[in-house]
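Hi everyone, thanks for making time for this. I'd like to walk you through one structure today, so please have a look at it while I talk.

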Amino acid sequence: MASLVQFLPLFPFFFLISFSVSHGPFLPKAIILPVNKDPSTFQYVTQLYMGANHLAPIKLVVNLGGSFLWADCGLTSDSSSQKLVPCNSLKCSMAKHNGCTNDNKICGLKSENPFTRLAATGELAQDMFAVEFIDELKTGSVASIHQFLFSCTSSTLLQGLARGAKGMLGLGNSRIALPSQLSDTFGFQRKFAICLSSSNGAIISGESPYLSLLSHDVSRSMLYTPLISFRDGVSEEYYINVKSLKINGKKLSLNTSLLTMDGEGHGGTKISTISPFTTMKSSIYKTFVEAYERFGFSMGLTKVDPIAPFGLCFSTKGVNVPSIDLVLQSEMVKWRIYESNSMVKVSDEVMCLGFLDGGVNQKASIVIGGHQLEDNLLEFNLGTSMLGFTSSLAMVETSCSDFMFSKDSSAYDT
């Protein structure tokens, strides 16, 4: 990555001051990206700036397991600082390219829209990108990354994305995903955190100033579990090893082999910002939903006709709902899912269990979706291959929408 970083205050007109990463006295402690939930698609959208001569905003859908940032070439090619990366270069090798394009001169990179399953071969490009940074426990300025690597691809991949989105931002465990490029540029540890909400949330990379950004030091309540890998190497997506499921503290009778990842990468529990709700393989879902219904009845809930896409719904007149535990490496380490994350209120009279049947062919045993992630602080440490998680921040009387951004962060509004 290039050594030059620029710091730009978030004012109507950007004032550029240049520093060297290796010699400059002011380096960001962390990068913070505001994230908004699109109400029509349930996608999580953030915004960066790109271009050396004129910083233009670009809205991107967040893909937690994505390998890199991809964007529509036609919407980004106006940047005079944008350059294509030659084939057979070191940067091309870092990107795990898919061959060469343009008479074997340019590094080719396959990009995919996970919502439509459409894919296209784009071209590996580099340009200046700018993101908001935290320094001395304050936000409000922007640090730029020169020669940020991304895929310049076809506008056909924009189908199905949130309105105004021009591509997708990958946060996966790859050399050219955002966390790795930020680490290489600013010397951060290879870790980042996400804190999503039904309105506004955040992505944080670098140090963990949660106390300065939230009203509580929630890092003290974090539990930790290993991120698991495929047999043939590290997965760019994020998986954890759920050993068992509990409802109201009672362990479900499941074939535990269904939860384990096999040698071909089938099974395991994936964390995803692409799925709006948690999905389970059919055999797991059947046992889970039947048990939840029984516990719901015992707590006085009244079942009503299901409303698609949900398979189990209740009257909102019930006082309490069953708790759900994902038991991890031991009985002492469990991810508890409370009512705000387990239930979806579809009307004043009806609430539905926010877990769906993923079918018999779903690759992961369980995919933890966006609704279950909201107002849970998740910290992905790629250096140690560990996940830190808090369960619902409501338990400490805060939320992901409480992140204290600078007053000028409205520039990121989506």
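This is a predicted model: local features need pLDDT of at least 70, side-chain atom pairs count only at pLDDT 80 or more; totals for chains, interfaces and linings use all residues.

Let's begin with strand β9, which supplies four residues to the lining of the largest pocket, the largest share of that lining.

How many residues line the largest pocket in total? The count is 45. If you want to find the centre on your screen, look for N63, G65, E112, P114 and E237, which lie nearest to it. The space inside comes to about 1,200 Å³.

Now let me step back to the whole protein. There are 414 residues, and 55% of them count as buried. The secondary structure amounts to 30 strands and seven helices. Taking contacts with a separation of 6 or more, 68% are between residues 24 or more positions apart.

On to the aromatic residues. The count here is 12 aromatic pairs. Take F129 and F148: their rings sit 4.8 Å apart, centre to centre, with 45 degrees between the planes, which makes the pair tilted. F129 belongs to strand β10 (residues 118–135) and F148 to strand β11 (residues 138–153), so this pair ties together parts that are 19 residues apart in sequence. Are these two residues buried or exposed? Both F129 and F148 are buried.

Another tilted pair is made by Y238 and F380, with 4.8 Å from centre to centre and 45 degrees between the planes. What does this pair tie together? Y238 is in strand β16 (residues 238–240) and F380 is in strand β29 (residues 376–381), so the parts being joined are 142 residues apart in sequence. Y238 has 2% relative accessibility, so it counts as buried. F380 is buried too, with a relative accessible area of 0%. There is also a cluster, in which ring pairs link F288, Y292, F314 and F355.

Next, a stop in a loop. V218 is found between α4 (210–213) and β15 (223–228). Despite its place in a loop, V218 is buried, at a relative accessible area of 2%. Have a look at L393 as well: its C-alpha atom is separated from that of V218 by 7.9 Å, although the two residues are 175 residues apart along the chain.

Finally, helix α3, residues 178–186. Why can we call this helix largely enclosed by the rest of the structure? Because eight of its nine residues are buried. Those buried residues are L178, P179, S180, Q181, L182, S183, T185 and F186. Just after α3 comes G187, which takes a positive phi of about 75 degrees.

Definitions and conventions: Residues are numbered from 1 along each chain as its sequence is written. Side-chain values use heavy atoms; hydrogens and water are left out. On a 1 Å grid over the protein atoms alone, a cavity is a set of points where a 1.4 Å probe fits but cannot get out, and a pocket is an open set with protein on both sides within 12 Å along at least five of seven lines; lining residues have an atom within 4 Å of a point. Grid points are joined across faces, edges and corners, and a volume is the space filled by probe spheres set on the points. Helices (H or I, at least four residues) and strands (E, at least two) are DSSP runs, numbered from the N terminus. Buried means under 20% relative accessible area, exposed over 50%, partly exposed in between (1.4 Å probe, protein chains only). Contact means heavy atoms within 4.5 Å. Rings of Phe, Tyr and Trp (its six-membered ring) pair if their centres lie within 6.5 Å; planes under 30 degrees apart count as stacked, over 60 as edge-to-face and the rest as tilted.
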